[in-house]
Amino acid sequence: MKKSFDILIIGGGVAGMSAAIYAKRRGKNVCIIEKFTLGGQVNTIPKIENFPSEVSIDGISLVQNFAMQIERLGVEVIYDDVQKVDYSGETKRVFGREDEYEAKSVILATGLTYVELGKNENDFLGRGVSYCAVCDANFFRGKDVCVASARGSGLKEALVLAEVCSHVTVLDSGDMSAYASANKNKKIDVLSNVQIEKVVGKDAVEGVEISILKAQKVGNGKTKTEHEKRILKTTALFVALGKKPDNTVFGGVKVDAKGFVITNEKMQTSIDGVFAVGDVRSKELKQIVTACSDGAIAGQFA
Ligand SMILES: Cc1cc2nc3c(=O)[nH]c(=O)nc-3n(C[C@H](O)[C@H](O)[C@H](O)COP(=O)(O)OP(=O)(O)OC[C@H]3O[C@@H](n4cnc5c(N)ncnc54)[C@H](O)[C@@H]3O)c2cc1C
């Protein structure tokens, strides 16, 4: 059965929940559609120390606070996975696996997913493996850390880490020799042509097993390549292979070169009545506090 609302929020992360709080307090009939669990990425964060007013809190507790607030306000939450959208008419249509929905406005709050190494790194999540230097660098103050990088994707993270860590080794899967020789930051080393085989450690990260591709000229214009395997000791591995949004729910809104949704200051996208908030949006700092700020703005103007 088709369900109708004033505002449909696709994604129940902190951006979506913040949008719901503001929209509901304006008296709107609001619904969040979430495919897994409220809170999104925040559920995976063991310790948060940069959300104003919470000196230190674990992600699950923070999500519980958000969830309590939207429940108290009477925000409807429907668990469904949005598969298709149609934003062509004045009434926006959203199709989930379970049901069909329509609303005057839609707020896209579907976040992003980090590109994973695809090895055993997630076994060490919160115990030395992180996807976010801005969030977690401080936990490794004065320590040696590594960054998993592809064609320079980890260089920005390395600079953030170098501000607090004693040494940062960037392990790049491509050829970074030009950058390595131009690099003047004594705290950062860049290794080229490195494959990370696995993270090693007992209760926490103790090192990474790497395989470095070495090429040797053997005459007649031919090159011999071999892999040098070794274990690099480290206290942390920051995976910085990039982030990607899922564009299933975009319905033709304008995106930037990396595929993130472009909005104006009111969080309006290129399609009338469609807004975007949080990590799915094209912006510089993707954090909880900025996701909440986006949500508040969209909740006010949607
Ligand atoms: C390991 C880690 C540590 C971090 N540490 C910090 C920190 O210390 N401090 C900080 O400020 N930030 C931190 N961040 C970043 C922060 O978590 C994000 O910026 C923030 O959670 C983004 O919120 P969001 O609501 O935009 O997106 P998400 O949290 O990604 O939420 C999106 C939601 O949309 C749902 N969804 C997606 N597609 C669909 C669909 N088709 N149908 C229905 N639902 C859908 C998803 O299931 C998800 O629940 C960290 C991130 C990670 C991964």
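Two residues are in contact if their C-beta atoms, placed from the backbone, lie within 7 Å. This is a predicted model: local features need pLDDT of at least 70, side-chain atom pairs count only at pLDDT 80 or more, and totals for chains, interfaces and linings use all residues. Residues are numbered from 1 along each chain as its sequence is written.

**Overall**
- The protein chain has six helices and 17 strands. Both are DSSP runs numbered from the N terminus: helices are H or I with at least four residues, strands E with at least two.
- Its C-alpha atoms fill a box of roughly 70 × 50 × 35 Å along the principal axes.
- Of the 302 residues, 39% are buried. Buried means that 20 or more other C-beta atoms lie within 10 Å of a residue's own; 12 or fewer is exposed, in between is partly exposed, with C-beta atoms placed from the backbone.
- Among contacts between residues at least 6 apart in sequence, 56% join residues at least 24 apart.

**L161**
- L161 lies in helix 4 (residues 155-162).
- L161 is buried, because 28 other C-beta atoms lie within 10 Å.
- Leaving out residues up to four places away in sequence, L161 touches A133, A137, V145, V147, V168 and F238.
- V190 is 29 residues from L161 along the chain, and their C-alpha atoms are separated by 14 Å.

**Helix 1**
- Nine of the 12 residues of helix 1 are buried, so the helix is mostly covered.
- The buried residues are V14, A15, G16, M17, S18, A19, A20, A23 and K24.
- Their cover includes strand 1 (2-10), strand 2 (30-34), helix 2, strand 6 (100-108) and helix 6 (288-301).
- At 1.5 Å a residue, helix 1 should span 16 Å; its end C-alpha atoms are 17 Å apart, which agrees. The expected span is 1.5 Å times one less than the number of residues.
- G27 follows helix 1 and has a positive phi, near 85 degrees.

**Helix 1 against helix 2**
- Helix 1 (residues 14-25) and helix 2 (residues 59-73) pack at an angle of about 25 degrees, with axes 10 Å apart. Axes are lines fitted to C-alpha atoms, for helices over the stretch in contact; angles run from 0 to 180 degrees between N-to-C directions.
- The two helices are therefore roughly parallel, a term for angles under 35 degrees.
- The contact is made by V14, M17, A20, I21, K24 and R25 of helix 1 and F66, Q69, I70 and L73 of helix 2.

Key
Parallel < 35°, antiparallel > 145°, perpendicular 65-115°, else oblique.
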